[in-house]
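I opened my notebook to get to know this protein chain. Come and read along with me.

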Amino acid sequence: AIGIHKRGVQFPQTHPLALAPVTPPPPTVDGFVKEFLHELNTDQGVALSRSSINDQYTALAHTVRNYLTARWLETGRKQREGHTKSVAYLSAEYLLGRQLGNNLLAANLNDVARKALESCGLSLDTLRAQEVEPGLGNGGLGRLAACFIDSLATMNVPCVGYGIRYEYGIFRQTFVNGEQVEQPDSWLALGNPWEIAHPEAAVKVNFGGRVETVTDEAGVATSTWVPEWNVLGVPYNIMVPGYLNGRVNTLRLWSAQATQAFDLSIFNAGDYAQAVRAQTFAENISKVLYPEDSTPQGKELRLQQQYFFVACSLRDFIDNQGEDFDLRDLPERVIFQLNDTHPVIAVPELMRILIDERGFDWNDAWAITSKCFAYTCHTLLPEALEVWSVELLGRLLPRHLEIIYRINTEFLEVVRERWPDDYLRLGRMSIVTEYPERGIRMAYLATVAGIKVNGVAALHSQLLRDKVLNDFAELWPDKFINVTNGVTPRRFMKLANPHLSDLITDTIGTGWVTDLERLEELAPYADDADFRAAFREAKHANKIRLRDRLRVRDGIELPTDHMLDVMVKRLHEYKRQTLKLLHIVSLYEQIISGKVDAADVTPRTFVFGAKAAPGYRMAKNIIHLINNVGEVVNNDPAVEGRLKVFFPANYNVTLAERLIPAADLSEQISLAGMEASGTGNMKFALNGAITIGTDDGANVEIRKLVGDDNFFLFGMDEPQVAALGAKGYHPGEYYESDPRLKATLDLIASGTFSNGDHQTFEPVVSNLVHNDRFMALADFTSYIEAQAKVDAAYADTEAWTRSAILNVARCGFFSSDRSMKDYIKLIWGTNPVL
Ligand code: F58
């Protein structure tokens, strides 16, 4: 029966070969060819001569997977037998990027595979291009999860990543007349060779219904949840190989399935559509990733998704501990790391399991639960903090709501004890809010339950402590810590930037890939003219690689002799793509109005990459404006050879891997105090782009490490932003008093970028002039001045290269391996298992 399948059966008779996992022969070219053809013939069922590219790609992926399988099984066995503490990373998003290249790299199979395929008349690059990236995330938060599981595998730390196997990931962005149009991302259409489904291990998840409470003679109340409907969660396992270390961790993604395919009685009565409705309904749960990147949607389906994957994951983890595992030992076995508030419903779920299913009393259950979770917050925007309406939560998860109320009651007791009679504080800190409707503040629940709460960069963590969660930090000062984000150097240097990686390895050896602080050893070479020339050569080669990709992908002709100025991230007003646009339009305006001679302008190509949440009107208007500015600028002979503006559609991990290594200038220009950390900023610096940025998020730490001479700082800092806000911000004053700004905004308002139409971009312009929540106009002058410094610096090629090299050399801190060390030391206390 589904859900109660037993594993680990002892067989009375066992062939000696079955005592250990089967390993393929050591990878030689001939051996690889044999494995590959075997996969092609037996798995795909085609001869090489008749195979499609997808057959070849799938067979190749399976071949690589086969080389990893034995290690994967070994990793699992050791983990089970060692009873070591694991990290269970709970994340609604994993923005993985393509798997093939990364797995070849981790297994050291790249050269063998390339040669083997060549000997079959195939090209590895062609097959790599066949892979559709799994885009199971929106942006930074999802990509961070992917970097973290890569690092943990590489560092030999037991970890299972839990998430949702969305049938459709983040939408595919297209542009129609400059406007964003979303297309479904059917990434599974041609199959996914990296996953292994285990339908026999499906987990049942309940929803709805009511809670029945009976009170015995002693007055002890017992609650029973009588759910109304349920779905199955089918696990799909994906390998997460460490880099060259033989460890393979697991990413387990859950797919929703109906418990009953259809209702036979209705079917027999003739209503087929009605009979399968239950199935459609259930399968909707893992159908699609919500494309909201900063304001959560309080939609029922989203809460269903959250509870669905969390319930599956807790059940899975607990069951895997074996039948006679004592749940009181759970905190020694696991730490559930909550990637933002999306999985926070796990807290009442664990309480429910302990109390309702395992018979613990409240206090014992809480003693366990309050040691098993830690919470990472990724935002500072108040509107981004999830609040679930009590009406909805009570309807979908009545027992959980009841548990949350009790957690809140007991928590408020603690607050009352510490601050008697401070009623305002009680209201402020209550997990249950009354406005605008009665709701559950998930960040507060996570803070109350978590052993630690961390922000994702130093400034962000400080603002969490001082502002967003200040009351809680007063109550529990030690709970609040910082772990600055990081990125994996395997994917974002070694894989994405082979030219630079080879240069680094030739100069300082191979160790840096797993010990990124060793990039420091490059610093002296910043003063070596030959090294600088080689560094520039790598950058130029990357521009050519990017040009070739964009030519095929988007029909763009990228100049390779311009400064490449890149702003890639989700489209959001706080990130201020409009400020970047104001800079571009202002350069253009100065040339066409004759204020500046085109010949005096540094040739620059601006590249944007950004998806807007489908329902975010202003963001979509801004995308439209960027595209239209590009259209005008790129076709105006007056700026030919000086300015180009490109916006390749559908920015994703795959494009990032080409774009970032080619960049000269990294745009990190959010309003100070708004970007929690940023991780693109780290990727750029590590690939030798220099940052122009505000004192925000991890920019602060980048600047500190690379030094003021190697970073273009501009704009207000967070205290100045707060002060201006308190005093009253009037963007119109900046518009009126800065002629350059006025001319820029007027040019947009004039219809120059909308075929003379004044209405199209009126909302963008008037929003800036009359509202400008993120103070782009206040930072405009400072930004323009900093950009002039960029031009001057770029003119001195040797000095620029020196700065770029120092950026690489001094940013080793931003490896996600270091982030993981911090989590381990400050929160998890997990040990590597060798
Ligand atoms: C991002 N958040 C932060 N949220 O904005 C960024 O500064 C940080 O570097 C990154 O997390 C990693 O810590 C982010 O990406 C989301 O995408 C959520 C998706 C679900 C809805 C709410 C936002």
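I started at a boundary: 16 residues of domain 1 are in contact with 18 residues of domain 2 (contact: C-beta atoms, placed from the backbone, within 7 Å). Helix 2, residues 53-82, gives the most to the side of domain 1 that touches domain 2, with eleven residues (helices are DSSP runs of H or I, at least four residues, and strands runs of E, at least two, numbered from the N terminus). I sorted that side of domain 1 into five nonpolar, seven polar and four charged residues (nonpolar: Ala, Val, Leu, Ile, Met, Phe, Trp, Tyr, Cys and Pro; charged: Asp, Glu, Lys and Arg; polar: the others, Gly among them).

**Ground rules**

I noted that this is a predicted model, where local features need pLDDT of at least 70 and side-chain atom pairs pLDDT 80 or more, while totals for chains, interfaces and linings use all residues. Residues are numbered from 1 along each chain as its sequence is written.

**The domains**

I looked up the domain assignment (automatic or from a database): domain 1 is 23-82 + 107-132, domain 2 is 83-98 + 133-484 + 822-828, and domain 3 is 512-814. The C-alpha centres of domains 1 and 2 lie 35 Å apart.

**The whole chain**

I found 34 helices and 25 strands. The C-alpha atoms fill a box of roughly 90 × 75 × 60 Å along the principal axes. Among contacts between residues at least 6 apart in sequence, 76% join residues at least 24 apart.

**One residue up close**

Which residues does A346 contact, leaving aside neighbours within four places in sequence? I listed L90, V310, L314, F336, L338 and F373.

Definitions and conventions. Contact = placed C-beta atoms within 7 Å.
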